[in-house]
Structures are given as structure tokens and as C-alpha cells.
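The entries follow the order in which I looked things up.

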Amino acid sequence: MNSNLLSPWNWNLYVITDEHLYKGRTHQEIAEAAIRGGAEVIQLRDKTASGKYLYETGQNIRHLTHRAEVIFIVNDRVDVALAVDADGAHVGAEDIPWKAARRLLPSSKLLGGSARNLAEALEAESGGADYVGVGPIYEARNTKPDAGIPKGLELLTRVKERLKIPIIAIGGINEANVAEVIAAGADAIAVISAIVTADDMVDATRRLHERILEAKAKRT
């Protein structure tokens with residue numbers, strides 16, 4: 001693994017898999033397309049799958065990401081992340097507490113946290129998270145029905161001002177609005193539907209990655 005990519009400060013595009021959005025597309029196929037398009041991070045996310053299914057799928061994605069030198073994160077399931085030797089796990093405020101997840105994960109593994117407000121973001125940071133996913137920035141009900149009311153760019157800016165760890169913006173982000181999200185302070189962008197529902201997932205990943213790099217160049 002490229003040691004530089006182990007730092008979330010060096011991430012640009014973080015793609016989250018979802019088998020339920022587009023019939024026939026598997027977690028592995030989504031991951032493979034996103035990797036080909038240039039994503040630096042793949043997260044396996046499935047709220048309904050069994051532990052066995054997640055383990056078997058996670059093993060396949062681990063092989064893909066290992067060969068491509070791409071970061072692999074497992075959502076919610078710290079046990080699965082450890083079992084498949086993922087690069088880390090991602091948990092939200094309603095999951096296992098961040099401090100507990102941090103104790104379970106070796107220091108070499110990454111811990112990500114989801115935050116819907118500043119208080120949760122601060123708690124994730126104090127609990128040992130290496131990065132915090134903040135959102136939803138825009139409407140994201142097609143992929144995360146429980147995500148809550150869109151927070152807009154104001155929350156993103158407030159969190160960026162207070163936290164010392166990287167901020168990953170998520171929720172309804174696409175080519176049309178990604179530049180303003182980066183300008184508001186996001187260190188990287190996490191997406192689901194922008195890639196998973198695209199006619200050509202590889203091309204969609206590539207285009208979005210390019211827009212992120214362009215926006216970062218303007219910001220600096």
C-alpha cells in the first residue's frame with residue numbers, strides 16, 4: 001500500500017458501494033469501476049447483508065483494492081473489517097461508540113466517523129476518528145433514508161473550522177455542485193448515487209475525480 005494514501009489528507013474521491021440502487025450491480029462491480037476511474041477510497045456499505053455475505057464480499061474487494069493500492073473501508077462492521085484485513089472501519093453516531101471502535105482496531109487501521117452536526121463531529125474526533133464524514137450536504141434520500149435534513153455548506157464550514165482531522169463531505173454531491181463543496185472546506189468527497197447509478201461508472205468516477213482536483217487547485 002502506498003503509505004501516502006493511508007493519510008485521509010491525501011484523499012480526493014471516496015466511493016461507497018450500494019447493491020440496492022441499480023439492479024444487477026454488485027458491490028464488487030461498483031468497487032472495480034470506481035477503482036478504474038481513479039477513486040482513492042472504497043467503502044463497502046450494506047445495512048441488510050449477513051455477516052457471511054459481507055465477509056465474502058469484503059474478501060473480494062480487499063483483493064481488488066490491494067492490487068490497485070486503494071484504501072478499503074468497511075461500514076459499521078468492525079469485525080468484518082478486521083476479518084478481511086480492510087484498511088479500516090467507518091461508524092456513525094448510532095453504531096458502536098467511536099472510542100470502543102478505536103480500541104478494537106489496531107493503530108495501523110483507520111477509523112472514520114459520520115456526523116450530522118458539529119457536536120457529533122467533535123465527539124468522533126475525540127473518540128479517535130482519523131476523519132469525519134459530514135452531511136448530508138444536499139438531499140440524499142435515495143441512498144440514505146435515515147440521513148436527515150440536508151445541512152448545506154454552512155455546517156461543513158463550521159466543522160472545518162473546529163476539527164483538526166480531515167473532513168469528508170457526503171450527501172447529494174455530484175459534478176454540478178462539487179466545486180462549491182470543496183470551496184466550503186471539504187478535504188475529500190464521498191458519493192454513492194453519483195457513481196452507482198451512472199450509465200458508465202468508470203467514466204462518472206473519472207469525471208468527478210477531475211472536478212475535485214480542479215476545485216482543489218482553485219482553492220489553493
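Entry 1. I listed the buried residues of helix 2 and found L54, T57, G58, I61, R62, L64 and T65; buried means under 20% relative accessible area, exposed over 50% and partly exposed in between, with a 1.4 Å probe and protein chains only. The model is predicted, so I note that local features need pLDDT of at least 70 and side-chain atom pairs count only at pLDDT 80 or more, whereas totals for chains, interfaces and linings use all residues. Residues are numbered from 1 along each chain as its sequence is written, and side-chain values use heavy atoms, with hydrogens and water left out. Helices (H or I, at least four residues) and strands (E, at least two) are DSSP runs numbered from the N terminus.

Entry 2. I looked up what covers these buried residues of helix 2; the cover includes helix 1 (27–37), strand 2 (41–44), strand 3 (71–75) and helix 3 (78–83).

Entry 3. I checked the length of helix 2 (residues 51–68). Its 18 residues should span 26 Å at 1.5 Å a residue, and the end C-alpha atoms are 25 Å apart, which agrees; the expected span is 1.5 Å times one less than the number of residues. After helix 2 comes E69, with a positive phi near 55°.

Entry 4. I examined helix 1 against helix 2. Their axes come within 10 Å and cross at roughly 15°; axes are lines fitted to C-alpha atoms, for helices over the stretch in contact, with angles from 0 to 180 degrees between N-to-C directions. Helix 1 and helix 2 are therefore roughly parallel (under 35 degrees; over 145 is roughly antiparallel, 65 to 115 roughly perpendicular and the rest oblique). H27, Q28, A31, E32 and I35 of helix 1 make the contact with Y53, T57, N60, I61, L64, T65 and A68 of helix 2, contact being heavy atoms within 4.5 Å.

Entry 5. I then took helix 1 with helix 9 (residues 201–219), whose axes come within 7 Å and cross at roughly 45°. Helix 1 and helix 9 are therefore oblique to each other. On the helix 1 side I recorded E29, I30, A33, A34, R36 and G37, which meet M201, V202, T205, R206 and H209 in helix 9.

Entry 6. I located N177 in the loop between strand 7 (167–170) and helix 7 (178–183). N177 is buried, at a relative accessible area of 11%. Leaving aside neighbours within four places in sequence, I found N177 in contact with Y138 and G172.
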